[in-house]
Amino acid sequence: MKTSAGILLFKREKRNFFYFLVHPGGPFWKNKDLGAWSIPKGEAFENESLIERAISEFREETGKEISGEFIELKPVKQKAGKTVFAWALESDLETDGLYSNTINICWPPKSGKTLEIPEIDRWEWFESEEAKRKINPAQCDFIIQLEEMLNPE
């Protein structure tokens, strides 16, 4: 089964948490919003360092380097069976000037035609409750885990 690794970037303003999420590019995702956003992440290869893959994917999908004190989160399994590993990092990031690598896809499906698209077409900060609605449902657990760690009741 496939494995991905990514970064849940967050910041705090007063008592509110904000999360940096990305929207996949291309015609399939064009009009999808709720549940379509994701943490910046990508597929990991066997025996590869997952944290290094996560940092590399962040750079590929935003054009920005990140570093700092990473908080390891418990992995989640998405609906299609992919396991996603994630690390949270508290940091701010200006969304102006971000850019994504491009990928080639077959479009329309099974047509044999190739279309070059940006892997990510939008980047945005969302307040916690909105982020939970926007993010892939399985990845919502990363937000819940982090908030439980940082706000123990």
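**Exercise 1.** In this predicted model, state the volume of the largest pocket and describe which residues and elements line it.

*Solution.* The volume of the largest pocket comes to about 890 Å³. The next step is the lining, which consists of 37 residues, of which P24, W29, K41, Q78 and K82 are the closest to the pocket centre. Turning to secondary structure, at least two lining residues come from each of β2 (16-24), β3 (41-43), α1 (50-62) and β7 (102-106). Sorted by class, finally, the lining holds 18 nonpolar residues, 10 polar ones and nine charged ones.

**Exercise 2.** Determine which residues of helix α3 (residues 140-150) are buried and what covers them.

*Solution.* Taking buried to mean under 20% relative accessible area, one finds C140, F142, I143, Q145, L146 and E147 in α3. The cover over these buried residues includes the strands β1 (3-13), β2, β4 (71-72), β5 (76-77) and β6 (83-90), together with the helix α2 (128-134).

**Exercise 3.** Identify the residues of the largest nonpolar core that touch the most other members, and then find which element gives the most to this core.

*Solution.* The core has 20 residues, and those touching the most other members are L8, Y19, L21, I39, L73, F142 and L146. Two or more residues are given by each of β1, β2, β6 and α3, and the greatest contribution is that of α3, with four residues. As a closer look at one member, F142 touches L8, I39, L73, K74, P75, V76, V84, F85 and A86, when residues up to four places away in sequence are not counted.

Note on methods: Residues are numbered from 1 along each chain as its sequence is written. This is a predicted model: local features need pLDDT of at least 70, side-chain atom pairs count only at pLDDT 80 or more; totals for chains, interfaces and linings use all residues. Side-chain values use heavy atoms; hydrogens and water are left out. On a 1 Å grid over the protein atoms alone, a cavity is a set of points where a 1.4 Å probe fits but cannot get out, and a pocket is an open set with protein on both sides within 12 Å along at least five of seven lines; lining residues have an atom within 4 Å of a point. Grid points are joined across faces, edges and corners, and a volume is the space filled by probe spheres set on the points. Ala, Val, Leu, Ile, Met, Phe, Trp, Tyr, Cys and Pro count as nonpolar, Asp, Glu, Lys and Arg as charged, and the others, Gly among them, as polar. Buried means under 20% relative accessible area, exposed over 50%, partly exposed in between (1.4 Å probe, protein chains only). Contact means heavy atoms within 4.5 Å. A nonpolar core is a set of buried Ala, Val, Leu, Ile, Met, Phe, Trp, Tyr and Cys residues joined through side-chain atoms within 4.5 Å.
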